[in-house]
Amino acid sequence: MCIDCGCASPDHHHDHDHEHPHQDQVTGKKISVEEDLLAKNNRLAMNNRIRFQRHGLLALNLVSSPGSGKTTILETTLKDLRGELRFAVLEGDQQTSNDADRIAATGVPAHQINTGAGCHLDAHMVGHGAEHFALEKVDVLMIENVGNLVCPASFDLGEDAKVTVLSVTEGEDKPLKYPQMFRASKLMLINKLDLLPYLRFDLEKCREYARRINPEMEIIELSCYSGEGLDKWYDWLRVQLSKKKV
Ligand SMILES: Nc1nc2c(ncn2[C@@H]2O[C@H](COP(=O)(O)OP(=O)(O)OP(=O)(O)O)[C@@H](O)[C@H]2O)c(=O)[nH]1
Ligand SMILES: [Mg+2]
């Protein structure tokens with residue numbers, strides 16, 4: 001549960017001048033609750049990681065704002081690669097089983113986690129969610145997080161990598177405005193390339209901003225509608241999986 005929807009982030013700060021009690025200036029309780037929450041999450045994430053490692057599977061945590069195309073990327077990927085790789089998908093949303101239903105329609109095992117008021121998945125939810133799959137028969141576990149470009153950055157789920165999806169309709173400045181997520185990610189997928197002719201989205205600037213925040217982050221541009229760039233994403237998946245199998 002988020003504390004102030006500073007979501008257990010210890011470096012939270014305010015830009016206003018008025019005085020008010022700030023966290024441990026009053027009792028010390030708030031900071032210690034946040035630290036306990038993250039420490040507990042990190043322990044459970046480590047358990048997940050050990051479990052996933054034992055099965056030699058690749059676990060990816062897909063994060064983005066609502067609607068950038070996470071589920072569409074998954075549907076497309078599962079359809080294209082289902083003869084080659086064995087997938088399972090955990091779907092995180094506040095409400096509905098819409099996304100798990102969409103994944104299940106591709107024939108891939110899917111389980112929906114509803115977080116209610118919660119704005120992110122945590123390691124405890126993922127640990128239990130994964131019990132719905134025969135992990136020994138899974139090569140890639142895809143975890144679609146709740147649509148939110150802020151809070152999921154702070155919560156390790158035991159994944160091998162976070163993959164941030166940014167769609168071109170969101171604006172090229174998002175890596176600068178929401179740096180935590182981009183800093184935590186191994187890969188950024190820039191989705192909906194087919195819409196570029198209708199927008200004023202500067203792809204070059206977007207890449208530059210993203211690299212300013214995280215020089216190590218890989219970037220792949222794609223469109224689920226035109227199919228452009230999907231082969232690069234699939235190659236990236238294959239390389240990550242091959243690293244797990246050595
Ligand atoms: N033009 C275009 N639209 C896309 C593309 N990929 C996804 N969309 C559309 O974007 C909308 C949102 O896609 P979803 O896959 O549901 O997005 P999401 O990130 O899973 O959304 P939440 O789970 O609600 O956060 C849908 O109408 C998709 O059809 C694309 O490559 N191009
Ligand atoms: Mg979705």
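**Chat about a predicted model**

Mentor: Start with lysine 192. Lysine 192 is buried, with 24 other C-beta atoms within 10 Å. Keep in mind that this is a predicted model.

Trainee: Where does lysine 192 lie?

Mentor: Lysine 192 sits in the loop between β6 and α7.

Trainee: What about the phi of lysine 192?

Mentor: Phi there is positive, about 70°, although lysine 192 is not a glycine. Most residues other than glycine have a negative phi.

Trainee: Which other residue has a positive phi without being glycine?

Mentor: Threonine 96, with phi near 75°. Threonine 96 belongs to the loop between β2 (87-93) and α3 (98-104).

Trainee: Is threonine 96 buried or exposed, and why?

Mentor: Exposed, because threonine 96 has 11 other C-beta atoms within 10 Å, and the cut-off for exposed is 12 or fewer.

Trainee: Back to β6. Which strand does β6 pair with?

Mentor: Strand β6 (residues 187-191) pairs with strand β7 (residues 218-221). The sense is parallel, over four bridges. The chain gets from β6 to β7 through helix α7 (residues 203-213). That β-α-β crossover is right-handed.

Trainee: And what is the bridge partner of leucine 187?

Mentor: Glutamate 218, in β7.

Trainee: New topic. How many residues surround ligand 1?

Mentor: 17 residues. The closest are Gly69, Lys70, Thr71, Thr72 and Gly147.

Trainee: Which element gives the largest share of that shell around ligand 1?

Mentor: Helix α2 (residues 70-81), with three residues.

Trainee: How do the shell residues divide into nonpolar, polar and charged?

Mentor: Nine are polar, four are nonpolar and four are charged.

Trainee: Now the largest nonpolar core. Which residues touch the most other members?

Mentor: Val89, Val140, Leu141, Met142 and Ile143. The core holds 53 residues. Strand β1 (residues 58-63) supplies the largest share of this core, five residues.

Trainee: Take valine 89. What does it touch, leaving out residues up to four places away in sequence?

Mentor: Valine 89 touches Leu74, Ile103, Val108, Ala110, Met142 and Glu144. Met142 is also on that list of core residues with the most touches to other members.

Trainee: Last bit, the whole chain. How many helices and strands?

Mentor: Eight helices and seven strands. The chain has 246 residues, and buried residues make up 39% of them.

Trainee: And what share of the contacts with a separation of 6 or more comes from residues 24 or more positions apart?

Mentor: 76%.

Note on methods. Residues are numbered from 1 along each chain as its sequence is written. Chains are lettered from A and ligands numbered from 1 in the order in which they are written. This is a predicted model: local features need pLDDT of at least 70, side-chain atom pairs count only at pLDDT 80 or more; totals for chains, interfaces and linings use all residues. A residue is near a molecule or strand if its C-beta atom, placed from the backbone, lies within 6 Å of it. Helices (H or I, at least four residues) and strands (E, at least two) are DSSP runs, numbered from the N terminus. Ala, Val, Leu, Ile, Met, Phe, Trp, Tyr, Cys and Pro count as nonpolar, Asp, Glu, Lys and Arg as charged, and the others, Gly among them, as polar. A nonpolar core is a set of buried Ala, Val, Leu, Ile, Met, Phe, Trp, Tyr and Cys residues joined through C-beta atoms within 7 Å. A residue is buried if 20 or more other C-beta atoms lie within 10 Å of its own, exposed if 12 or fewer, and partly exposed in between; C-beta atoms are placed from the backbone. Two residues are in contact if their C-beta atoms, placed from the backbone, lie within 7 Å. Two strands pair if DSSP finds at least two bridges between them. A crossover is right-handed if, with the strands pointing away from the viewer, the path from the first strand over the helix to the second runs clockwise.
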